[in-house]
Amino acid sequence: MDLLNKLQHQGHELTSRALDRHLRIGVTGLSGSGKTAFITSLVQQLTVGDQPDNLPFFDVVRQQRYLGGRLAAPLLDVPRFPLEANLRALQQTPPIWPPSTQGWSQLSLKLRYKAASGLRAHLQSRSELALDIIDYPGEWLLDLPLLDLSYTQWCEFSWQLFAKTHRKDIAAPFAALLSSVDPQNATELQLQTLTEQYKQLLQQFHQTPGAYLNQPGRLLVPGTLAGAPMLQLFPLLPVQANAASPLSNKLAQHYDSYRKHVIKPFYQQHFSGLDRQVILVDCLSALNAGHAAVSELQQALQLILQSFNYGPSSILGRLFKPSISKVLFAASKADHATPEQHKALTLLLQQLLQQPLKQSQYQAATTEAMSIAAIRASKSGFVQVDGLAQPCISGVGINAQALTYFPGEVPAKLPAASTFNQHKFGFLPLRPLPWQENQLIPHVRMDHVLQYILGDKLR
Ligand SMILES: Nc1nc2c(ncn2[C@@H]2O[C@H](COP(=O)(O)OP(=O)(O)OP(=O)(O)O)[C@@H](O)[C@H]2O)c(=O)[nH]1
Ligand SMILES: [Mg+2]
């Protein structure tokens, strides 16, 4: 082995170990925001779609330095992201969306590329980056603020939320049920029944457009904790929570053990290991659902953002120091709007985030916002209306009807409550376009996503 070869061999070892060749990317978002579609597309773009005309803004591909990506052997003790099943769903006739998921999962890839410059380019003919992509429910991030609330404060917070117009009627039977219980003499059976009813209430909220903020997250998405006694947890009416009773004591205990055994370990074990974070936000569905939905989305994003602010005085700063250096907020499903509306969609997302970002005392990570479609389900074009070219999209609606239409303008600013009385937004859900194995997955701006989250690591 001549000296150069030797150096190259040693360099390879060096880069994988000592140099920072391993990246863990978290993908999250509230339920239905498009996490599964996003990861499926991301992996497909990195393994099959690495052509410059498919990913023009992904530098390593455009500069023809990308040598390909492949799936790495799965870890045996970590739930694996069901990539193959998701691709099979898209291949069906007619194609269907991959199913909804629960809990967290991971997929690991190895990316090979030629370094552009620097030590690595001299020492190695090819470099490798190991990538772990972790899918976890955004609902779990909504639990972080519970670390700073006592059980009683959480009860007050919850019942204020349940008094909002889009939640009030749904919460009324549970409020009535709670009122009928004597906290001094509640039986184990009553505790079980109330837990079950609260779970059902959360499920109902979950189905309610615009009811994003559902705590505790593990009651809705239990992961491996289903049936654990500390999940016997629900907010008593504030007047009940404020009076000492065996029931309120017991619930406060469960609440504390949930914080200790669920929230803290989640941040310590999963979240603290992430290097980058993608947060998907389905702004268009919130617009469809109305003013209360948009307000609650903003509130939920505010809580989610607390997970990325870890200045000395923050809850996370006190707990430990996460290492997330980049956070990408992506307005998902942008293909539900015509392309010239995407700029407005990004501005809307930025506005939704503005307040929370301003409030953060210390921004440890850099952030970026963009509008994307992980799996584009529409084609865009123009129709002539009164001699003028009007932008439109075409696709297949959920009931199999072929559609060509202008879905409407996306407001670049948060619309006032009165706008929703006069105007109904209608960004319709679509079926995926027919797709065959090893074809490119059509997308909007996944190359920008890849450049932002990976570009600097593939130089
Ligand atoms: N048109 C379009 N629809 C999308 C896209 N991504 C997701 N969707 C739609 O949004 C639905 C939810 O997407 P998922 O990827 O399952 O969302 P998720 O965040 O993984 O949802 P949960 O696992 O239920 O939390 C899909 O079934 C599609 O209907 C996209 O890029 N374009
Ligand atoms: Mg999913």
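Contact here means heavy atoms within 4.5 Å. On that basis, in this predicted model, residues of helix H2, among them Phe-38 and Leu-42, meet residues of helix H17, among them Val-449 and Leu-450. Ligand 1 is surrounded by 17 residues, and the protein buries 87% of the 640 Å² that the ligand exposes when taken alone.

**Packing of helices H2 and H17**

- Helix H2 spans residues 35-47 and helix H17 spans residues 446-454; their axes come within 11 Å of each other and cross at roughly 80 degrees.
- Angles of 65 to 115 degrees count as roughly perpendicular, and H2 and H17 are therefore roughly perpendicular to each other.
- On the H2 side, the contact is formed by Phe-38, Ser-41, Leu-42, Gln-45 and Leu-46.
- On the H17 side, the partners are Met-446, Val-449, Leu-450, Ile-453 and Leu-454.
- Sorted by class, this contact comprises 8 nonpolar and 2 polar residues, with no charged residues.

**Surroundings of ligand 1**

- Among the 17 residues around ligand 1, the closest are Lys-35, Ala-37, Ser-100, Thr-101 and Asp-335.
- By class, the shell around the ligand consists of 6 nonpolar, 8 polar and 3 charged residues.
- The side chain of Thr-101 places an N or O atom 2.7 Å from an oxygen atom of ligand 1.
- For Thr-36, a polar side-chain atom lies 2.8 Å from an oxygen atom of the ligand.
- The side chain of Trp-97 has an N or O atom at 3.3 Å from an oxygen atom of ligand 1.
- Of the 640 Å² exposed by ligand 1 when taken alone, 87% is buried by the protein.

**Cis peptide bonds**

- Thr-93 and Pro-94 are joined by a cis peptide bond with omega at about -10 degrees.
- Pro-94 belongs to the loop that runs between helix H4 (83-91) and strand E3 (105-113).
- Another cis peptide bond links Gln-215 to Pro-216, where omega is about -5 degrees.
- Pro-216 is placed in the loop between helix H8 (188-207) and helix H9 (217-220).

**Positive phi at Lys-333**

- Lys-333, a residue other than glycine, has a positive phi value near 60 degrees.
- The position of Lys-333 is in the loop between strand E6 (326-331) and helix H15 (342-359).

Definitions and conventions
Residues numbered from 1 in each chain as written. Chains lettered and ligands numbered in written order. Predicted model: local features only at pLDDT ≥ 70, side-chain atom pairs only at ≥ 80, totals over all residues. Heavy atoms only, no water. Axes fitted to C-alpha atoms, helices over the stretch in contact; angles between N-to-C directions. Helix = DSSP H or I, 4+ residues; strand = E, 2+ residues; numbered from the N terminus. Parallel < 35°, antiparallel > 145°, perpendicular 65-115°, else oblique. Nonpolar A, V, L, I, M, F, W, Y, C, P; charged D, E, K, R; others polar. Near = heavy atom within 4 Å. Polar contact = N/O pair within 3.5 Å; in protein donor to acceptor, adjacent residues only side chain to side chain. Areas by Shrake-Rupley, 256 points an atom, 1.4 Å probe, with all protein chains shown as cover.
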